[in-house]
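Here is a short report on a predicted model.

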Amino acid sequence: MIALGIEGTAWNLSIGVVDENRVILVEDRPYIPKEGGIHPREASQHHAEVIGELIRSVFSKIPPQKIDLVAFSQGPGLGPCLRIVATAARALSLKLNIPLIGVNHCHAHVEIGRWMCGVSDPVVLYVSGGNSQIISKKGGRYRVFGETLDIGIGNALDKLARYMGLQHPGGPKIEKLAKNGRKYLKLPYVVKGMDFSFSGLVTASQKLYDRGERKEDIAYSFQETAFSMLAEVSERAMAYLEKDDLLLVGGVGANKRLKEMLKIMCEDREGNFYAPPTEFMGDNGAMIAYTGLKLFLKGRETSIDESFVKPDYRIEEVEL
Ligand code: ATP
Ligand code: FE2
């Protein structure tokens, strides 16, 4: 069976095509803001302008008659962007006369990670722009055991980078700067049980920049502090849930230092650390296609009436 998935909750408009065994193709049309962060209306205008061309390009590589199912990211995400994606998905489903299925974006990050790494029941650290959560399966659902009390780690990195004059997305630029950090500057470390917070860390780092500290040292100190917090809560979740596997997913999962710290933590407790290839860490259409296919094979389908967007859709709401 072949599924086409459309992702477009925020910055990346992407279509993926998969079958049960492999990713057949992924094509991206990212929105890159000229300055500042992601503006919801501008991002949705971008998606609306390029979606037709993107679909045509995909269909030039795989004929539409071969597609059995269309999946789309139903939420969470930016409302105006979600509406473009849902409209395109509905149109394809009606035109090709194939089933439609709405997918939770966070669920899709988890499922593609599990698929690519071949891990069945891990603790998942999901770190992206908008989200930072510790997730694991219990009682037929994914549940969030801990999460950020304010902004996601990716947004925190992007915000700090912007403050230091670097262009969006800031995560990779902070990673690069941090490699040349020499001095650890003390920053607030905020963990409460399995929850954590980043906004105070951003403000404190901005103050260091105003005080004239080197960008490299700030980037290094920020990463060490924030990633230690994430490693601590991941370890606590593994201990409480008595699970030995940790899976890292989401765009910030591309960060090598974060992976290194989590790997050391897992090895220290004789557990296993997993991370999918970088191209499947950030938002991509394949994760939506794959999750949609899995749900469909379990008997799930979304009617046109149920295909409204869900900007605040939480992973706990998904029945597995
Ligand atoms: P979500 O809706 O799941 O929150 P998203 O829209 O934030 O997703 P993702 O592609 O999952 O999209 O994540 C993007 C984030 O990842 C950005 O904040 C970006 O700065 C960050 N990022 C990308 N590469 C790196 C890296 N190497 N190190 C740190 N952060 C990174
Ligand atoms: Fe994402």
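## Cysteines

The model holds zero disulfides, where a disulfide is a pair of cysteine sulfur atoms within 2.5 Å. C117 shows why: its sulfur is 12 Å from the closest cysteine sulfur, in C266, and that is too far for a bond.

C117 is buried at a relative accessible area of 18%. C266 is buried too, at 1%. Buried means under 20% relative accessible area, exposed means over 50%, and partly exposed lies in between (1.4 Å probe, protein chains only).

## Basis of the model

This is a predicted model: local features need pLDDT of at least 70, side-chain atom pairs count only at pLDDT 80 or more, and totals for chains, interfaces and linings use all residues. Residues are numbered from 1 along each chain as its sequence is written, chains are lettered from A and ligands numbered from 1 in the order in which they are written, and side-chain values use heavy atoms, with hydrogens and water left out.

## Iron site

H105 (NE2), H109 (NE2) and D283 (OD) coordinate the iron ion (ligand 2) at 2.0 to 2.2 Å. Donors are N, O and S atoms within 2.8 Å of the metal (3.2 Å for Na, K and Ca); water is not among the atoms, so sites may look incomplete. The donor residues are spaced H-x3-H-x173-D in sequence. H105 lies in helix α3 (residues 105-117), and D283 in the loop between β12 (272-274) and α9 (285-297), so this pair ties together parts that are 178 residues apart in sequence. Helices (H or I, at least four residues) and strands (E, at least two) are DSSP runs, numbered from the N terminus.

H105 counts as buried at 4% relative accessibility. D283 also counts as buried, at 11%.

Strand β2 (residues 12-18) is mostly covered, with seven of its seven residues buried. In a regular strand the side chains alternate between the two faces of the sheet. From β2, N12, S14, G16 and V18 point one way. L13, I15 and V17 point the other way, and all are buried.

β2 pairs with strand β1 (residues 3-7) in the antiparallel sense over five bridges; two strands pair if DSSP finds at least two bridges between them. I6 has I15 in β2 as its bridge partner. A hairpin of four residues joins β1 to β2.

β2 also pairs with strand β3 (residues 23-30), again antiparallel, over seven bridges. Here V18 has V23 in β3 as its bridge partner. Four residues lie between β2 and β3 in their hairpin.

## Rings

There are three aromatic pairs. Rings of Phe, Tyr and Trp (its six-membered ring) pair if their centres lie within 6.5 Å; planes under 30 degrees apart count as stacked, over 60 as edge-to-face and the rest as tilted. W115 and Y290 have ring centres 4.0 Å apart and planes at 5°, so the pair is stacked. It links W115 in helix α3 with Y290 in helix α9, 175 residues apart. W115 is partly exposed at 21% relative accessibility, whereas Y290 is buried at 10%.

Y163 and Y209 form an edge-to-face pair, 6.1 Å centre to centre with 70° between the planes. Y163 lies in helix α4 (residues 153-163) and Y209 in helix α6 (residues 199-210), so the pair ties together parts 46 residues apart in sequence.
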